[in-house]
Amino acid sequence: MSDATLSSAASALQPVLFVPHGAGPCFFMDWSPAGTWNEMAAFLRGVSATLPARPRAIVLVSGHWLAPGFSVTGSARPGLIYDYSGFPAHTYQLDYPAPGAPELAEQIAALIENAGLRSGIEAERGFDHGVFIPLKVMFPEAEIPVVQLSLRQDLDPAAHIAAGAALAALRAQGVLIIGSGMSFHNMRGYGDARYTAPSQAFDDWLTQAVEAAPQQRNAALSAWSQAPFAHHCHPAGHEEHLLPLMVAAGAAGQDRGRKVYSQQVMKTQLSAFRFG
């Protein structure tokens, strides 16, 4: 699929997603206890069937790329970054040969700049595991062009909502915008029953925020650190796995959000959300 196709006739309006990407390459290895990630994997595998049409391209923002401004991958053939450690050898041989979309990357950078936000293109950067692990489950054929968008390293939630809003028009061009992170991400909390109730309380608050009217939603998400147990679930200064949700909320525009997956995994509540 060429970049020219991306600017062709209008296609079905794509939704916006915030999905959990699991723990490292968890979907492609044995885990103890067995089946820990099965429900999450089943949710991810089922996403494509819920879309109005096959996406012309995917823009994915991962919790594993922070940059001074909002950077985008510009390579036509991005490689992979195995940015996890301590996993079985075969997980460093996983592939995901999806093409990039350099013209779309330029369009994204321009849209973000036009919104008054700093942006740039990284011509050599590949996809980190926050991109290729969930996409390998969701779209295993690896044929849809993908552009990765970074987070901004200051982790300002309002700026990420604004960046998402700058990209909202891409949805009408058949571009699927995905935030890839985790609704709970405190490494000390996984597997610890003391974090079960706090993660559930935060998840309840997050669901109410996402499902609110757009203006109230964005105001609540901008002030997420005031939520119950916010920093138990996302330690201060390390909230990068939550920020992709802010980009997704901004890209949603006036579309309401809803929870589309939720499960207790490793004694913590994890959820996914969809807008539109």
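User: What makes a run of residues a helix or a strand here, and where does N186 lie?

Analyst: Helices (H or I, at least four residues) and strands (E, at least two) are DSSP runs, numbered from the N terminus. N186 lies in the loop between β6 (175-181) and α6 (196-210). The model is predicted: local features need pLDDT of at least 70, side-chain atom pairs count only at pLDDT 80 or more, and totals for chains, interfaces and linings use all residues. Residues are numbered from 1 along each chain as its sequence is written, and side-chain values use heavy atoms, leaving out hydrogens and water.

User: Why does N186 count as buried?

Analyst: Buried means under 20% relative accessible area, exposed over 50%, partly exposed in between (1.4 Å probe, protein chains only). N186 has 7% relative accessibility, so N186 is buried.

User: Why is the pair of Y82 and Y92 called tilted?

Analyst: Rings of Phe, Tyr and Trp (its six-membered ring) pair if their centres lie within 6.5 Å; planes under 30 degrees apart count as stacked, over 60 as edge-to-face and the rest as tilted. The centres of Y82 and Y92 are 6.2 Å apart and the planes are at 55°, so this pair is tilted.

User: What makes the pair of Y82 and F132 edge-to-face?

Analyst: Their ring centres are 5.6 Å apart and their planes stand at 75°, so the pair is edge-to-face. Y82 is in the loop between β3 and α3 and F132 in helix α4 (residues 129-138), 50 residues apart.
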